[in-house]
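My notes follow in the order I made them.

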Amino acid sequence: MENNKMIEVTDLSKDYHVVKKEAGLSGAIKGLFKSGKQTIKAVSHVDLSVDKGEIIAVIGPNGAGKSSLIKMMTGVLTPTGGQVLINGKDITKNRKEVVKNIGVVFGQRTQLNWDLRLGESFELLRHIYEIDRDEYEKNLEVMDEILGIKEIINKPVRQMSLGQRVKGDLVAAMLHSPEVLFLDEPTIGLDVNTKFALRKFIKEINRVNKTTIVLTTHDLGDIEELCERLIIINHGKIIEDCNLLDITDRIAPYKTLVVEYYDDENIPTHENSTLDKVEGNVARYRFMKNDITAAALIAELSNKKKMKDVAIEEVGIDEIIRIAYGQ
Ligand SMILES: Nc1ncnc2c1ncn2[C@@H]1O[C@H](COP(=O)(O)OP(=O)(O)O)[C@@H](O)[C@H]1O
Ligand SMILES: [Mg+2]
């Protein structure tokens, strides 16, 4: 039977051992005499499986363990325990081989050579990865269409803007046609246009090449644009692994109907909804999707009092995530 799993993470953990410092000056002085060792469980017994061709987003608060997880999945960091299989191969045992099948972009750190022009950096990678000339040219051509990379190909990396640099990094990560692409905060600090180009590129390589994509992000637009599946981690553990639509239905299965009346007298209520808030002539009705449809609610309320305008608000992804973190 063909294995459809591109990534299989089992019982993966990472502990960091740090010297504990006490706060303040007295802490600093005490630190000279005694050093308390502390263990940080950055990633704790994580199981995760990603199918070929999937795009998933890993999100979580700062310090949740996202980068540590990505680093272990890309072989940059050795796990304290557990296993990472990429296309069935253990990344720790077959590092050299597996690395040829993955691309990595760290938004906050470049893999390009500061002292070279972008094109020279690519050439270097072409030799390292032993990419043949035709494949290289073809890949560059395709990526140029979306990212406009040829305009900056002769620019020294040192002189590039953040957006240009990240585009360069993305191309560098994909030159050897890997089946899996890892992106750690790829859109952080980017302008809107570059962000859009990046998302378009990610969608396109996923659609055309079926590239499996794992990304971490703080940008909710990235999630809404790119992913169906969301992994939420906190304190090194997965607290949600779900479909984006399912989580909305489960965590916030309600909508809000906002009605503007002509005046603020005798604002009506409705038995299938909660009158959340009234401000002057504007009333907010929260209703469960299963209890009543928006159309019925509008019809029945407007029988009670004439309406000037209505709007329906869904719970945003930001709100969903806030609720999920709190749970
Ligand atoms: N090299 C390191 N040495 C010690 N602690 C680290 C190191 N890298 C990360 N940590 C700690 O591990 C935890 C997870 O960090 P990280 O994986 O960077 O989380 P995230 O990417 O979600 O912000 C944090 O508490 C962080 O301070
Ligand atoms: Mg991080």
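Entry 1. I started with helix α9, residues 244-251. I found that α9 lies across β9 and β10. I read its direction as about 105° to β10. I keep in mind throughout that this is a predicted model.

Entry 2. Next I looked up the sheet. I traced 6 strands in the order β6-β7-β8-β3-β9-β10. The sheet is open, and the pairing is mixed. I noted β6 (102-106) and β10 (237-243) as the edge strands, each pairing on one side only. I got an average twist of 15° from one strand to the next.

Entry 3. I turned to helix α6, residues 162-174. I saw that α6 packs on the sheet and touches β6 and β7 (180-184). Its direction makes about 165° with that of β6.

Entry 4. How do β3 and β9 run, and how many bridges join them? I counted 4 bridges between β3 (residues 55-59) and β9 (residues 229-234). The two strands run parallel. I picked out A57, which stands opposite L230 in β9.

Entry 5. I then went to the nonpolar cores. The largest has 51 residues. Which of its residues touch the most other members? I found F122, L175 and L181. Helix α6 gives the most to this core, with 6 residues. I also checked the domains: the core draws at least three residues from each of domain 1 (5-248) and domain 2 (253-326).

Entry 6. I followed L181 further. Leaving out residues up to four places away in sequence, I listed its contacts. Among them are G103, V104 and V105. L181 also touches L170, A173 and M174. I then noted a second, separate core of 28 residues, including I7, V43, M72 and L77.

Entry 7. I finished with the whole chain. I recorded 11 helices and 14 strands. The radius of gyration is 25 Å, well over the 20 Å that the globule rule gives for 327 residues, so the protein is more spread out than a compact globule. The C-alpha trace spans about 75 × 60 × 50 Å along its principal axes. I found that buried residues make up 45% of the 327 residues. Of the contacts with a separation of 6 or more, I noted that 71% join residues 24 or more positions apart.

Note on methods. Residues numbered from 1 in each chain as written. Chains lettered and ligands numbered in written order. Predicted model: local features only at pLDDT ≥ 70, side-chain atom pairs only at ≥ 80, totals over all residues. Heavy atoms only, no water. Pairing = 2+ DSSP bridges. Axes fitted to C-alpha atoms, helices over the stretch in contact; angles between N-to-C directions. Contact = heavy atoms within 4.5 Å. Core = buried A, V, L, I, M, F, W, Y, C linked by side-chain atoms within 4.5 Å. Buried < 20%, exposed > 50% of the residue type's maximum accessible area, 1.4 Å probe, protein only. Domains from an automatic or database assignment. Rg over C-alpha atoms; globule rule 2.2 N^0.38 Å.
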